[in-house]
Amino acid sequence: MADRFARLRRIPGRSLAGKSPRSVAGQVFVLQVALVVLLVIGAVLALLLQSQRDTSAEARRRSVAVAQTFAHAPGVVAALRGPSPSAVLQPLAEAGRRTAGVDFIVVMDTHGIRYTHPLPDRIGRRFVGTIGPSLAGQVRTESVHGPLGQEVQAIVPIEDTGGHVVGLVSAGLKVKNVTGQVYHQIPIILTAGAVALGLATAVTALVGRRLRRQTHSLGPDEMTRMYDHHDAVLHSVREGVLIVGGDGRLLLANDEARRLLDLPPDAEGRPVAKLPKLEPETAALLASGREATDEVHLAGGLLLAVNQRPTDRAGGPAGTVVTLRDSTELQALSGRAEVARERLNLLYDAGLGIGTTLDIARTADELAQVTVDRFADFVTVDLDDAVLCGEEPEPASAGMRRVAVRGVRDDHPLYERGRLIDFVPSTPQARGYGTGVSERLPDLASAAGWQAQDPERAGRIVDYGINSLITAPIRARGAVLGVANFWRSKEHGPFEEEELSLAEELVARAAVSIDNARRFTREHALAVTLQRSLLPRALPEHGAVEAGYRYLPAQSGVSGDWFDVIPLPGGRVALVVGDVVGHGLHAAATMGRLRTAVHNFSTLDLPPDELLSHLDDLVGRIDQDEDCPETAANVVGATCLYAIYDPVSRRCAMARAGHLAPALVRPDGTVTFPDLPSGPPLGLGGMPFRTAELELEEGTQLVLYTDGLIEDRRRDLDEGMELLRRALAGHPERDPEEHCRAVLGALLPARPRDDVALLVARTRALPPERIADWDVPPDPAAVAGIRVAAGAQLDAWGLAELGFVLELVLSELVTNAIRYGSAPIHVRLIHDRTLICEVSDGTSASPHLRYAATTEEGGRGLFLVARTTERWGTRYTPEGKVIWAELALPEPPQET
């Protein structure tokens, strides 16, 4: 820094000022030096005044602080009330004065009589100053001519504990001492001013030197010539330049601006708002003075990019400077780039918006929704009917069905959605479907082949304003699924050749989604058909129960829930509900196998626990057969609930394998969940199943269901069970169908995530008068008596027509029981939907049906029973076996 200032001192003054004192640099240097000197002098004066003011203020603050400190000092109030205040306070005041650096501390009474003073002869005299405000409790500062000369003093009241003023304290300094402090600061201030002046002069010299270099030591005339040259350049540039004053008048316009705006010769000096041939929007922008950046305005046949900035930002005159640039060709290029960008955005949106679902019609409608109003005014999509059903398209299809229609208006004359259209060979739709090649018709009014499809409708379409068409085949995996038609009206002009590829790209993206939806539709239809075929189509009518059911597939597709109502011998009925964990064809097929197995095991008339044990073994064998990497997962996780209801005894035996307990709706409307012994899910093995028996009142409703009814991610199992109880309780008048509707409405959303099987069965009881039974002694002679008693019972029931067949059946069954069985032998007749004849004995040996030879005397009894009855069979009981046979009841006589 020292070397730099040394170099500055070595620079001659004429060099600093420029080559001539009349140059622009020299004149600026003289002005800057004068200005710096004035500023430094003003700053020094300001510092002196500020120092004097600050010193006086500091003196007043110190006087107030010292007076207040002494007024509140301990013992002052007591000394004032003592017999000799001066003797006590004078030493204290003098010590405080010397310590605090003030010239005097004066203590006085409320009448202004001094108790202390630096001059002892002044003690006892009246204080010089204004004490009235201080007697009122205020602190007062003032400048007075006192015993010590001109003084600056502060007067502070002395108050007792009650807040009463008992005296006054005044502290202060002599004015000459205060002024002396200011005088001590004058050298510092002057030194600082000198340093500031030297620095400012040096900086001014540097600025002048820089200005000399920038102006090349030019004088005013030379600068004028330079600006003349600048003006010549201004009018030669290929960009229009305007300068508008703050009053809205045109101050300057170069030649390019005059050409672009077609300004008259006398335009300068006139208000821009009144210039002829200037577009209103452009004139408004120039007159507004607001900032503008590359705003495009029309001027004749040109597109101008206008930039406008104010000129007063750096202290310049008010106004604006405007530049104009001809961007007509650039705008055309920008327009083509914008079109390309919009097309890329359209393709991007098509990738996101098409194929959100696996629904064919929805996917086609998404194609129309994405492209309408952005690429075409109207969009229609036609697909082969076989595609809508999930099948492969027919090569020679008789027609296509319109599955999507969208447009900017709804009153269009195009074919409506859902219509089957048979396109004639001359139409672009038929040619595109046959060849897979897209076509563009820029003028529909002259397209005779297209008009041949429906001349009357074609005329209405043209009159409506639609005049251009692109037909793009929907192709996927080498097959044409249909065609997409893009229609455009006259307002937007015909389709261009390059837009044909855009239409093909859009349709190609949609074709993949439509084909995926088609394949899903086919597979889903196959799975649903398989599942429906495996579930019961209708429940059999039965005298033991009145049943209602519901089955709802899951949102994700088919799964493994099932239910069944199986008639059993003796008027009994089996109620079954089960669930195979998982979804898909594997779960549905496994469900069918388990349902078939339950039917087969039920023909053996096994107790519920034994049937579940056999079913558990079957599932274990299925898992072993499928335990390989190429097959699906094991079936472990299947659950089942099996119940047998006997309307004669009104007892229900139930067992469950990992399944939820049923709900019982009693005739009074109360709902309970019986505590059934729980067993493991099917397929685990190693654990026994247990049967529980319940005695049910007539009219009790058994509610069997799968876990999809009550389990949900938004609630736990207990909450679902409580919701089920509330939906069932308090409505004893409901039949099973009404209970099904109420339960599904209360517990399920519109689209359940898991499949649901619900079976509601209301029990019936067989009246005692429809049952007849007899004990049979083990004597062949007792057979005749049984036949007579049975005939009499048939007469009482009005079934005398069945007497001969029943006597034949009883004779064979009772004779076999006496001959081959053991006591006790019992016969029971049940009058239900059929006539049931049961013969039981104490052995478990089962008779077999066989063909007897011509020479054999026996072996024909069971053959006769099988031929004369509807059904017959054997079931085993803990006491032995029961051989039963069912006889169809005679038709009631028709009324004439």
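Which helix gives the largest share of the lining of the largest cavity? Keep that in mind for the opening view of this predicted model.

**View A. The largest cavity, and what surrounds it.** Helix α16, residues 455-464, is the one to look for: with three residues, it gives the largest share of the lining here. What is the lining made of, by class? Seven of the residues are nonpolar, while three are polar and another three are charged. As for how many such spaces there are, the count is four cavities of 30 Å³ or more.

**View B. The second largest cavity.** Here the volume is about 50 Å³. Phe104, Val106, Phe127, Val128 and Val144 are among the lining residues, and so are Arg114, His117, Glu151 and Gln153. Gly146 and Pro147 belong to the lining too. Sorted by class, that makes six nonpolar residues, three polar and two charged.

**View C. The largest pocket.** Now we move on to a pocket, with a volume of about 750 Å³. It has 27 lining residues, and those closest to its centre are Arg572, Glu693, Arg875, Thr877 and Pro878. Several strands take part: β19 (639-646), β20 (651-657), β27 (825-831), β28 (834-841) and β29 (871-877) each bring at least two residues to the lining. How does this lining split by class? It has 12 nonpolar residues, nine charged and six polar.

**View D. Two cysteines, Cys652 and Cys837.** Are these two cysteines buried or exposed? Cys652 counts as buried because its relative accessibility is 0%. Cys837 is buried as well, with a relative accessible area of 0%. While we are on cysteines, a quick reminder: a disulfide is a covalent bond that joins the sulfur atoms of two of them. How many disulfides does the model have? The count comes to zero.

Conventions: Residues are numbered from 1 along each chain as its sequence is written. This is a predicted model: local features need pLDDT of at least 70, side-chain atom pairs count only at pLDDT 80 or more; totals for chains, interfaces and linings use all residues. Side-chain values use heavy atoms; hydrogens and water are left out. On a 1 Å grid over the protein atoms alone, a cavity is a set of points where a 1.4 Å probe fits but cannot get out, and a pocket is an open set with protein on both sides within 12 Å along at least five of seven lines; lining residues have an atom within 4 Å of a point. Grid points are joined across faces, edges and corners, and a volume is the space filled by probe spheres set on the points. Helices (H or I, at least four residues) and strands (E, at least two) are DSSP runs, numbered from the N terminus. Ala, Val, Leu, Ile, Met, Phe, Trp, Tyr, Cys and Pro count as nonpolar, Asp, Glu, Lys and Arg as charged, and the others, Gly among them, as polar. A disulfide is a pair of cysteine sulfur atoms within 2.5 Å. Buried means under 20% relative accessible area, exposed over 50%, partly exposed in between (1.4 Å probe, protein chains only).
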